[in-house]
Amino acid sequence: MTPVSITRPALESILASAEAAYPYEFFAYLGGNLKTGTIEELIFVRQEQNHASVTFRDDLLPLGLPILGSVHSHPNAPGIPSRADLRAFSKKGSVHFIAGYPFTEENLKAFTDTGKPVPYKTI
Ligand SMILES: [Zn+2]
């Protein structure tokens with residue numbers, strides 16, 4: 001796959017959103033440039049939250065928006081994909097970030113749609 005990079009503002013926005021949603025989980029799609037594999041923005045869709053998971057509605061996404069992947073937080077669990085995560089990952093996008101608690105840059109990990117860790121670059 002294309003190497004993954006994320007802009008500094010998008011990364012900061014992920015960490016701030018995870019913090020703001022705490023102790024609930026937060027979820028967003030990641031938009032940006034599909035050609036260069038650069039994540040530039042968070043795309044929020046209506047969601048129903050509880051402590052364990054987020055139900056998201058990808059039918060509410062505007063059509064034609066370039067979606068590179070997704071991000072969600074794990075307020076109470078290590079930042080590794082759960083089984084439910086892997087099922088969700090396979091639906092849309094190719095890179096999926098998980099923000100583990102505490103929500104620092106070190107705890108923000110990226111995975112492929114099959115759950116393999118993938119390195120990313122902040123630009
Ligand atoms: Zn998860």
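This is a predicted model: local features need pLDDT of at least 70, side-chain atom pairs count only at pLDDT 80 or more; totals for chains, interfaces and linings use all residues.
Residue numbers count from 1 along each chain as its sequence is written.

When I say helix or strand, I mean a DSSP run, H or I with at least four residues for helices and E with at least two for strands, numbered from the N terminus. Two strands pair if DSSP finds at least two bridges between them.

So, how many helices and strands does the protein chain have? Two helices and nine strands. Going along the sequence, the pattern reads β-α-β-β-β-β-β-α-β-β-β.

Now the sheet. Seven strands form an open sheet with mixed pairing, in the order E8-E7-E6-E2-E3-E1-E9. At the edges you'll find E8 (108-112) and E9 (120-122), each pairing on one side only. On average, neighbouring strands here are turned by 35° against each other, direction ignored; axes are lines fitted to C-alpha atoms, for helices over the stretch in contact, and angles run from 0 to 180 degrees between N-to-C directions.

Let's go through some pairs. What do E6, helix H2 and E7 make together? With H2 covering residues 83-89, the three make a right-handed β-α-β unit. Right-handed here means that, with the strands pointing away from the viewer, the path from the first strand over the helix to the second runs clockwise. Elsewhere in the sheet, E1 (residues 4-6) and E3 (residues 38-43) run parallel and are joined by two bridges, with Ile6 opposite Ile39 in E3.

What about the other helix? H1 (residues 8-21) lies across E1, E2, E3, E6 (67-74), E7 (95-100), E8 and E9, and runs at about 35° to E3.

Next, burial. A residue is buried if 20 or more other C-beta atoms lie within 10 Å of its own, exposed if 12 or fewer, and partly exposed in between, with C-beta atoms placed from the backbone. For the protein chain, 30% of the 123 residues count as buried. E6 is mostly covered, with seven of its eight residues buried.

Let me zoom in on Asn33, in strand E2 (residues 27-33). Why does Asn33 count as partly exposed? Because it has 14 C-beta neighbours inside 10 Å. Leaving aside neighbours within four places in sequence, Asn33 is in contact with Thr38 and Glu40; contact means C-beta atoms, placed from the backbone, within 7 Å. Ile67 is 34 residues away along the chain, and its C-alpha atom is 8.6 Å from that of Asn33.

Last stop, two peptide bonds. In general, most peptide bonds are trans. Tyr22 and Pro23, though, are joined by a cis bond, with omega about 10°, and Pro23 is in the loop between H1 and E2. Another cis bond joins Tyr101 and Pro102, with omega about -5°; Pro102 lies in the loop between E7 and E8.

Note on methods: Two residues are in contact if their C-beta atoms, placed from the backbone, lie within 7 Å.
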